[in-house]
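Biologist: I am new to this protein. Please show me the structure before we discuss selected parts of it.

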Amino acid sequence: MTVTLLGATEIRRLAAQLDVTPTKKLGQNFVVDANTVRKIVHAARVQPGERVVEVGPGLGSLTLAILETGASVTAVEIDHRLAARLAQTAVEHGVPAERLTVVDADALRITELPGEPTVLVANLPYNVSVPVLLHFLENFSYLKRGVVMVQAEVAERIAAKPGSKIYGTPSVKAAWYGEWRLSGTVSRQVFWPVPNVDSLLVGFDRSEGERGTEDERRLTFTIVDAAFNQRRKMLRQALSELFGSSAAASEILIAAGVAPTARGEDLTVDDYHRIARHVAQIEDTAITG
C-alpha cells in the first residue's frame, strides 16, 4: 500500500474539522508543501526499517513523509486534539497502524521514547527549539543523528564554530553531543500560516561514545553559561564569580591550558570540558585531602 502525503487543501480541512487555529503560543506553523517535507526527510537520510522520533507532528504532513520511506515513527505531540487525530490520518493515507506510535505529551517533560528511535526529524516550534534539542540529546543516548527545521537565526547559532560572533551557549552545548551542520533552506511560503521569520534545516551526527560523565557535562554547561553570560569580558573576569575571584579563575584556566585573557567565543567544547575536569579534580583533591 502506497503512503500518500497531505496537501494544502486537506491540511486546512483537517484543521477546520478539529477546530485547530495555529497558535503562536505553541509555535504552530504547519508545512503545506509535499516537496519540502520530502526534502527534510532526505536531508535526515531516513532509511526503511529505521525508527524515527518526530516532535510536534501537528496535522501529520512531515509524519507521512517519514513513513513514506518505510521507516516507523514515534510522534510526540503536546496538542491533545492533534495527537488524537494523527493515527487516523496516517491510516487514511496508507500507513500500517503498527508503524506509528503517538505520544500525547510535552516533549520537554518526557524521559522515555517507545521503540528507542535512532533518528530525530522535526519541525520544531521556534520558542522551544534549543531546549527540546538539548533535552532529547541529554535523555536519549540512542539518538544517533537527525535533522530539524528551526528559525534561521537559531540554526546558525547551533551550527556556529568558535571565533564566530554568533557562536554561543547553544553552539557549545550542542557540540557536546556531536557534529552539527546547516542542511538546507526553507521558504516561508511553504507554511500555514506564513511565519514572519526565515527557517533553516540543521543536522547532527552524534559522536561515538560519551564525551564525558553526566557530572562533567553539568559542570561544563555551568562554565559555558557563566562564560557567555558576560561574553565581552575575558574569561578570568567572566568566570570570577563562579570560581571565587579573578585570580582563582586565572589559575584554573592556566592549569587547564586556556589563556585567562581569552573570551568565551574563542573556546571549543573540548576546552570547556578540560576546564570542568580540572575543577572536578581540584574538588576531589579537597574532599580526599
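Predicted model: local features only at pLDDT ≥ 70, side-chain atom pairs only at ≥ 80, totals over all residues.

Modeller: Residues are numbered from 1 along each chain as its sequence is written, and side-chain values use heavy atoms, with hydrogens and water left out.

Biologist: Which residue of strand 3 is the bridge partner of Glu54?

Modeller: Strands here are DSSP E runs of at least two residues, and helices are H or I runs of at least four, numbered from the N terminus. Strand 2 (residues 51-55) runs parallel to strand 3 (residues 72-77), joined by five bridges, where DSSP must find at least two bridges for strands to pair. The partner of Glu54 in strand 3 is Ala75.

Biologist: Is Asn123 buried or exposed?

Modeller: Asn123 belongs to strand 5 (residues 119-123), which pairs with strand 2 in the parallel sense over two bridges. Buried means under 20% relative accessible area, exposed over 50%, and partly exposed in between (1.4 Å probe, protein chains only). Because its relative accessible area is 17%, Asn123 is buried.

Biologist: Which residues does Ser250 touch, not counting residues up to four places away in sequence?

Modeller: Ser250 is located in helix 11 (residues 246-255) and counts as buried because its relative accessibility is 14%. A contact requires heavy atoms within 4.5 Å. With residues up to four places away in sequence not counted, Ser250 touches Arg236 and Pro260.
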